[in-house]
Structures are given as C-alpha cells and as structure tokens.
Amino acid sequence: STWYNLYATNEYGGCEGNSGYKAFLQADDDNGNLSDGTPHMTAIYEAFHRHEIACNDMIVQDSGCAGSLSLTAPDVTVTPGNGEVQLNWEPVTNAAAYQVFRTEGVHKCAQGKVVLATITSSESLSYLDTGLQSGREYSYVVIPKGGVEESSSCFGHSSDCKTATPVVMPSFQLSCPTGRIYAIVENAPSHQRDCMLVASGGFTGVVSLACSTTGIAGVSCVGPSPSSEEFFAGQTTTKTVSITVQVASSATGGPGEVTLTATSGSVQKTSSIPVTLLFGNGPQVAQFDDTNGVPRCIVRGTECSSKSADNTVHLLKGRSSLGPEANHPNTLDACADGGSGSYESDESLEWIKVKSTTGDNMKVDDTLTVEAGVYCWGNGSTDYADFYHTTTPGSPNWSLIDTVQCPGGGHQTIMTEYDSQAAGTNVIRVQFRYGGNDVSTGACTSGGYNDRDDLMFEVEGQSPITPSPTKNSTPNPTKQPTPIPTKNPSEQPTPNPVSSPTKNPTPNPTKQPTPSPTNDPTKQPTPNPTNDPTKQPTPNPTNNPTKQPTPNPTNDPTATTFVELTTPPRTGSAYLLGAAYFDVTGGDVWSKITDLQITSYYATRLQVYSKFGSATPYEATPCAWKLIAETATGWNGGSWTKQYPQWNDDGFKPVILPSNETVSFYVVALDVGTSYAGILGKVNTDEEKYSPWIATPETSSVGLVTMSHGRKGYSDSPFKPFSDYYTYGIWGGIKLENVDTDTSAPTMAPTSLYLPGDLESPMKEVSADTFNGLQFDVENLGLQPVIVNSFSARFASMGYHHMEVWMREGSHMDSSAGCDNWNNWCNDWTKLADTSVQTAGSGSFTSSGQLTTIGIINPGSTAAFAIVSGKGLFLTKDGALSDTVQNDELRINLATPIDDYYGDSIQSIYPVNGLTKKVFQGIIHYEVANSLCAIQSKADWVDLDPSSSSLTSGTGPQTNEVRDSEQPVIVTMPGGRDEEDIQ
C-alpha cells in the first residue's frame with residue numbers, strides 16, 4: 001500500500017510505513033523522532049482518523065518546537081507598485097528564517113495560501129512579489145520559522161494579513177534573454193545579446209545603462225549600446241539594448257553571469273544572463289541542452305557523462321515522473337518514457353557515459369565504450385538495454401549497436417563498444433526495457449516500464465562545433481510527406497501571374513516534387529499538363545545540420561546589418577488568406593529574422609508561429625510550432641496596406657536562421673466572425689508548395705536567403721490547412737540581421753501536452769434524494785488551464801437514460817445582463833454533451849462519455865456546470881461547506897438541485913440562494929493543459945504525429961506561453977471558411 005491500506009480490518013488504515021498519515025507526521029516532526037510526538041500531531045491524527053486512515057501504534061501528543069512559541073508575529077508593511085508588491089518586515093528575535101505566503105480572493109488570507117519564498121534572517125527582511133496584475137487584490141502573511149537550535153519545520157506566530165492592489169505607475173522594465181551562454185574558452189568567442197527596455201504607465205525620462213560580470217575571470221561585457229535611452233510621451237515605449245560578452249582565451253572560473261543594469265533616479269532594474277565556460281580535452285560532464293532537449297557535452301574530450309563523479313550533476317536519474325527524471329523524456333524525438341511502477345523498485349535508466357578506449361580525446365574511427373547505469377527489476381532476467389547511435393541529430397536515423405541483458409537485480413552497470421563513424425556531433429541512445437530481447441520494434445518501443453535517454457557528444461576529426469540548433473521537432477523527419485492531397489479544391493482560384501526568382505535558390509532539402517492530384521486520391525496523380533512531365537526534379541542539396549557555420553562577412557563581430565526580403569510590387573487582384581504557411585532557407589551565413597511584413601485586408605489580430613525545419617508535414621500539428629508574435633490590442637491593419645504590424649509588448653521574438661537550414665512560419669488572422677478580413681497573397685498554379693519565390697542577393701550581409709510559396713489555412717480554425725493543390729504566397733516579406741555564429745536557436749524544449757487528473761466528490765451514503773439535475777461551480781486553483789473531458793454521476797436506477805452536460809462562465813449563483821445564471825433565458829449556457837447512457841444500477845457511477853464540445857476553465861476563474869436527465873434520476877445528499885472537495889487544480893463546490901428541467905432551460909423553480917445545498921456525487925475527468933498548443937491540439941483536424949499513422953503520441957511539442965484570462969473559455973470545433981478572391 002502507499003497512501004493507506006485499503007484492506008485494513010479495523011479503523012486504522014494508515015499504519016504502513018509509507019502511509020499518508022506517517023508522511024504528514026514526518027513532515028511536521030522537529031527532531032526525527034515520531035515516538036515523542038510532533039508539534040501538530042493531535043490535529044493530524046484527528047484529520048486522518050476521521051477517514052479511518054490514521055494509526056494507533058504510538059501515543060498521540062503535541063510536542064516540540066517549544067522555542068518557536070516565543071517567536072512573535074512580525075510587523076509587515078506592503079507597498080503596491082506597477083505589477084508588483086514590495087513586502088518589508090521587522091526582525092523577530094531568534095527567528096532563523098521567514099516564509100512569505102500569498103492568497104487571492106474575497107476571503108483574503110483565510111484560504112489557499114501559496115508559499116512564495118523562504119528567506120533566512122541573514123539574507124533579507126524583504127520580498128518583492130512581481131508579475132502581478134494591476135488592479136487585482138493580493139493578500140500576504142509572513143511567518144517566522146525555527147527557534148534557536150530548532151528545526152526549520154518549527155513555526156512562530158503569523159503576521160497580520162496585509163492586502164495590496166498593484167497599480168499602473170510610470171516605470172520601466174528590463175529583460176535580457178534567459179538562455180545560458182556556453183562559451184568555449186579556447187575559441188575566445190564573443191556573444192551578442194539584445195535586451196529589451198520597456199516603458200509603461202506613461203514613463204518618461206532618461207534611463208542610464210551599465211554592464212558588469214560576476215563569478216568569471218577573463219570575461220568582459222562590451223557595451224551596452226546605447227549607454228542610455230530617453231523615453232518621450234507619446235513615442236516608442238520599447239527600446240533594444242545590445243551587449244557583447246567577450247571571452248578571453250585565458251578565462252577561468254564560473255559559472256557566472258553578465259548583468260545589465262538600468263537606472264533612472266531612484267528606480268533601478270537589473271537582468272542577468274548566465275555564463276558557463278567550457279574547456280576542451282579531458283573528461284566532460286554533460287549539461288542539459290535546451291535546444292535539443294537532451295544532455296550534451298559541447299566540447300571535445302576523453303569521455304562524456306550524464307553525471308559527475310560526485311553526483312552533484314545527475315541529469316538522467318529516474319524515469320519520467322518517477323524519481324523524478326529532470327527534463328524528461330531527454331530524447332531528441334520526444335520519445336516518452338513509461339510511467340508505471342515505482343522508483344528503485346522497477347526499471348529506470350540512471351546515467352550514460354561514452355569514452356575513448358585510448359585515453360585520448362574521442363576521435364573518428366576510434367573504438368568507443370558506452371556504459372549505462374540502470375536499475376533492474378527482480379533478478380534482471382527480463383530487462384534488456386538496447387544501445388543505438390546516430391551521427392545526424394537533426395534527423396536521427398538510429399543504428400543498433402548491441403542489446404545487453406541485465407546481469408542481476410537492483411543497480412547495475414552494463415556496457416558495450418562500437419567504432420565511431422563520423423566526426424562532429426554524435427548521439428548515443430540507450431533504451432532500457434522490460435520483456436524479451438526482440439529489437440524489431442525500434443528505438444522507441446512502447447511499454448509502461450521502458451526508459452529511453454539520449455546523450456550528445458563531440459568526436460574529433462574537424463574543428464570544434466559550437467552549439468547549433470540541431471533539433472527538429474519531428475520524431476521521424478526522414479519520412480516523406482504524402483504527395484497526394486485528399487481532395488480537389490472546392491473552387492478554382494483565379495491564377496495570378498507567377499514570376500520566377502532571378503536566382504536559383506536553395507531548394508527545400510527534404511521535399512520531393514509534388515505532382516498535381518486527380519479526383520481519385522487512391523490513384524497515382526496525373527501530371528499537370530502545364531508542367532513538363534519529362535522534367536527531372538531538382539536534386540536535393542547536401543545539408544549537414546551540424547555543419548560548421550561560415551562566419552558572417554563582417555570585420556566587426558558586433559556590427560548589425562538589416563536586410564529586407566520583400567515580394568515585388570503587387571499588381572491586379574489578390575487573394576484573401578485567413579492563414580498562410582511558408583519556409584525561409586538560409587545560405588552559407590547565419591542570420592536572424594527580426595520582423596514579418598504582410599499586406600493587410602481589414603485584419604485586426606494576427607498571430608505568428610515558427611518552427612525549425614520545413615512547415616510540411618506539420619501544418620496541422622500545433623505543438624510543432626512556437627508562438628513568436630501577436631499584434632497589439634487595438635491594432636488595425638487597414639486594407640491593401642503592406643506593413644510591419646504593430647506587435648504587443650512581447651514584440652516579435654527573433655528566429656535564428658542557421659546556415660543552410662530552413663525555418664518555417666505560420667501567420668493567422670484571428671478575426672473570427674468576420675467574413676472579409678485577413679492577409680493578402682497570390683496563387684500559383686504551376687509551382688510546388690514551399691518552392692522558392694524570392695531571394696536576397698548572395699552578396700548581401702546575410703548571404704542568399706530564400707522565402708517560399710506555401711499553403712493557406714483557415715482564420716477561424718487554427719492550424720487547419722486548406723486542402724487543395726495550388727500554392728499561395730503572401731504579399732509581404734521578412735527583415736533579417738546578421739548574427740554571431742555562436743548564437744543558439746530559440747529554446748523549444750519538449751514538454752508533455754497534458755497532465756490527466758480526476759477529482760471525485762465526497763461520497764455520502766446512498767440517498768433517496770433524486771432530482772432532474774444538479775448545478776455546481778468548479779474553480780480552477782492551479783496555474784494552467786484545465787480541460788474538462790467528461791463527468792461520471794450517480795443514477796438512481798438501472799437502464800438507458802438521457803444525459804446532458806452544460807457549462808457557462810462564472811458562478812451559477814450570480815446574475816448577469818439582467819438574467820439569473822441558474823437559467824438559460826439569455827442563452828449563456830453551452831451544451832457540452834447530449835447522449836444516451838446505460839447505468840449498471842442504483843448508486844453506480846455512469847460516465848457522460850467524451851464531451852463533444854470542450855470546456856476549458858482558465859487559471860483563477862470559476863465555471864458553472866449543469867448535469868441533467870429530466871427524469872429525477874440523479875442521486876444526491878444534503879451537504880455542508882465541509883463537503884466541498886479540491887486538489888491542486890480544481891475545487892468542486894456544493895450543488896443546487898434542478899427539479900423542473902424541460903430542455904435547454906437549465907433552471908430551478910426557486911431562487912438558488914433559497915435552496916438546500918446538495919453534494920454532486922460524481923467525478924470530473926480532466927486534463928491540465930501545459931501549453932497553448934495543448935488546447936489547440938484538441939481540434940478534430942489536428943494531426944498529433946504526421947510522421948506516423950497513429951495519432952496517439954505527440955511530435956515533440958515546443959512550449960507556448962498560456963495567456964491568462966479572467967473567464968473560462970468554451971471551445972467548439974467550427975468548420976472553416978473558404979478564402980475569397982478579392983478584386
């Protein structure tokens with residue numbers, strides 16, 4: 001058992017060593033001895049014994065933390081600022097530390113405290129709470145901890161509850177890229193970073209800028225440039241400040257950081273960039289590479305290990321959430337680990353090491369030893385480790401080295417050898433799995449106990465390779481896209497004259513020429529009669545994703561040169577596009593894309609997404625993309641206007657374009673409900689999708705960069721491409737800058753799409769109370785949106801019954817717009833499910849099945865749900881406040897009965913405030929959405945894994961920021977509209 005013993009024959013079900021009761025006592029204990037009691041043992045015992053999951057194996061007594069009783073309540077003051085609250089307090093005699101708690105809501109400090117920080121007495125007597133919403137009320141308490149010679153688990157008296165409301169005040173913010181700079185010392189590199197200085201609340205004045213370094217010798221900060229900025233009323237509120245981090249070949253120490261400081265009067269803001277120095281030769285310890293999502297040794301050496309000798313670095317320890325494994329899954333292609341079993345009882349892959357057999361640096365054609373530390377289940381006879389390697393991390397093509405059986409149970413080290421085949425970046429994968437030695441299922445074999453991890457390292461044979469964005473978001477990017485569209489377009493667009501580029505740009509390295517389709521999608525497509533059927537396709541170029549980039553042709557490494565790549569002047573008609581996809585391919589020079597130009601047709605809201613690699617075949621895979629820009633509130637692009645849109649305060653996040661690589665873009669007009677709004681483009685009847693359209697001159701500072709034709713999509717259906725065989729290009733372009741070749745691509749770390757969960761209401765005894773339905777409120781207590789998938793409810797009788805589920809914003813107890821929320825007279829309720837269900841008998845749980853419309857509850861908001869049948873079939877019971885139930889994500893409040901449901905009315909004949917509150921005796925089945933793309937991926941047209949026929953796994957999602965909203969969102973799956981030909 002874990003939390004309690006389900007099969008205990010008495011009232012004490014919490015006597016197991018790992019029970020919840022014992023865990024709470026250990027957390028409360030002050031001296032490591034439970035037999036003499038704990039400070040709050042009586043209260044803990046009563047709470048668990050009420051549910052018969054406590055234990056009677058020791059005397060229940062409150063003891064310990066005597067010194068903390070003398071810790072008086074600190075005197076706290078709170079000062080609101082611009083999106084922040086400053087807390088200060090007076091010292092408390094003998095306090096070792098202070099814990100700062102925050103709450104939100106009408107009950108202030110009486111509910112749901114969240115620990116913000118634990119601050120030792122020697123550190124500070126203040127705390128700045130940032131990232132808050134101006135105009136929203138926040139409440140705080142500060143509690144002293146640990147009397148003299150006592151454990152830090154001992155608490156003193158809490159301060160009074162203090163409340164503050166952040167306000168919009170004239171101020172400014174400073175932010176620099178948070179990605180760590182990895183500097184290879186022997187190369188004496190320089191790294192340029194652009195920081196953002198943003199004025200808010202009407203701030204005006206001069207801001208002075210200074211740069212410094214700490215913790216590292218031989219590293220200097222050149223700049224900032226400019227050294228000061230002045231903000232004027234009514235003018236630009238965002239300024240770019242550049243700094244260059246210069247590393248000498250004699251640099252030592254670290255890790256350290258470079259800090260940019262902005263000062264105006266008494267206001268000072270700082271932002272730091274972490275710096276780690278890397279020294280070649282000798283044993284190397286890997287560090288987690290955000291770009292590729294795996295541990296990596298960036299410089300060459302005699303060995304590369306995922307853990308250090310003293311275990312202070314242990315990157316792969318554990319399996320998935322067991323352990324837990326940091327940054328899991330730690331694979332290039334987002335191959336996920338199984339989540340079954342428990343840590344150090346069932347299988348796990350703990351570490352990987354690859355090393356030279358000669359004692360010299362690892363070189364091409366050398367024999368290398370690969371070691372893996374594993375935990376084997378039982379006697380190890382059913383556990384096997386598959387060793388794979390690849391020399392193409394951007395497009396992993398795994399080659400099996402060996403399969404080795406566990407030599408015994410528990411912690412074991414297993415190893416094999418192989419001959420290195422290519423210089424540059426190499427990757428080892430170890431797949432540790434349960435059951436059999438059959439490797440025919442490949443390098444990502446599914447299984448609840450299986451663990452896969454990758455380790456990247458450098459092999460000599462060419463110059464050391466600086467970090468490059470080698471990771472492709474596709475698990476299997478070598479698979480060819482399907483050339484045959486599913487259907488012909490519903491309307492024939494008027495072709496626009498197509499002009500060929502003046503140069504022959506670099507073709508898309510992975511795409512094969514696409515024939516024009518026939519009406520029968522199961523047959524080989526008939527060649528387009530306008531094309532030459534005998535024409536040979538353009539050969540694919542050689543494209544080594546780990547190739548050493550050619551330095552930019554500039555004598556000054558800090559110089560920045562802007563280049564605009566835009567389409568020729570538009571003539572005649574244009575096509576209205578709700579969304580558009582296109583590729584950008586670099587030449588022999590590294591660059592970055594800093595802005596996007598479009599031609600608007602009454603667009604008022606645009607979003608721009610980007611991904612590494614070509615857009616195809618990921619047009620319908622939201623989590624392959626990263627949101628990089630969104631237009632500002634109030635922006636209106638007008639009509640027939642070619643422009644760089646006004647982006648919101650986050651700006652347009654630059655996209656790194658490595659040499660000879662491709663990045664792709666998806667721009668969508670979110671003017672839902674507007675028939676004629678979007679961006680303008682041209683149609684091409686005789687060009688392949690993603691074939692080059694325009695290009696920069698080879699002599700430009702960014703070299704030869706091409707921008708392609710692409711596909712169109714729907715404005716009201718994100719990531720839904722239009723199914724036709726014509727290609728479309730946008731009337732617009734991009735702005736580029738030359739960059740340092742050491743620049744890393746934007747972080748696109750994989751993450752799980754969803755965290756599933758269930759919340760079950762407290763079970764009362766079976767009751768004769770039955771109603772046609774129940775209304776109840778559900779609050780989102782977490783930090784991410786929650787997607788409600790289905791409900792289970794208790795019916796009074798067996799058989800087939802009708803069941804409906806409804807949802808609305810806000811509490812059903814409130815009123816809005818002249819309507820009472822508990823009825824549907826204003827049509828504010830949305831039907832999520834309307835189905836027939838079969839119940840097993842009285843009191844049994846019956847599921848609504850998957851909701852046909854998705855209900856999303858955003859962080860900090862409340863949604864009302866109604867579950868109705870219309871035949872008095874739902875069991876319930878009178879409830880008290882103690883019958884509300886919650887976990888870390890949701891709270892289910894008491895329910896109100898519905899006794900006169902007559903279809904779509906969702907009402908009670910009495911005001912809900914006058915009715916006896918009931919308990920919803922059921923279960924909410926939900927998922928926590930870990931990203932914006934997780935919500936987008938719920939659409940029925942989404943292809944979660946375009947490289948596979950199965951839709952059961954993701955493609956290595958890239959984290960998108962989930963934007964806060966005050967109200968829950970009802971997401972339905974609308975049909976898209978066709979774009980119109982605008983004359």
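**Close-up 1. Pairing of strands β2 and β5 in the predicted model**. Strand β2 (residues 85-89) runs antiparallel to β5, and four bridges join the two.

**Close-up 2. The loop between β2 and β3, with N94**. N94 lies in the loop that leads from β2 to β3 (97-103). Its phi is near 70°, a positive value in a residue other than glycine. Most residues other than glycine have a negative phi.

**Close-up 3. Contact of helices α1 and α2**. Two packed helices are described by the angle between their axes and the distance between the axes. Here the axes of α1 (residues 20-28) and α2 (residues 41-49) come within 10 Å and cross at roughly 165°. An angle over 145 degrees counts as roughly antiparallel, and therefore α1 is roughly antiparallel to α2. The crossing in which α1 passes α2 is right-handed. On the α1 side, the contact is made by G20, Y21, F24, L25 and D28; on the α2 side, by M41, I44, Y45 and F48. By class, the residues of this contact are seven nonpolar, one polar and one charged.

**Close-up 4. The cis peptide bond from S225 to P226**. Omega of this bond is near 0°. P226 is placed in the loop between β11 (205-225) and β12 (228-231).

**Close-up 5. The cis peptide bond from G323 to P324**. Omega is near -10° for this bond. The loop that holds P324 runs between β18 (303-305) and β19 (348-356). Most peptide bonds are trans.

**Close-up 6. Two stretches with pLDDT under 50, residues 744-751 and residues 949-983**. Over the chain, pLDDT averages 78, and 78% of the residues score at least 70. Over residues 744-751, pLDDT stays under 50, and the model has 29 contacts beyond four places in sequence for this stretch. Residues 949-983 also stay under 50, and for them the model has 141 such contacts beyond four places in sequence. Where pLDDT is low, the predicted coordinates should not be read in detail.

How values were computed
Residues numbered from 1 in each chain as written. Predicted model: local features only at pLDDT ≥ 70, side-chain atom pairs only at ≥ 80, totals over all residues. Heavy atoms only, no water. Axes fitted to C-alpha atoms, helices over the stretch in contact; angles between N-to-C directions. Parallel < 35°, antiparallel > 145°, perpendicular 65-115°, else oblique. Left-handed = near helix turned anticlockwise from the far one by under 90°. Contact = heavy atoms within 4.5 Å. Nonpolar A, V, L, I, M, F, W, Y, C, P; charged D, E, K, R; others polar. Pairing = 2+ DSSP bridges. pLDDT = per-residue confidence, 0-100.
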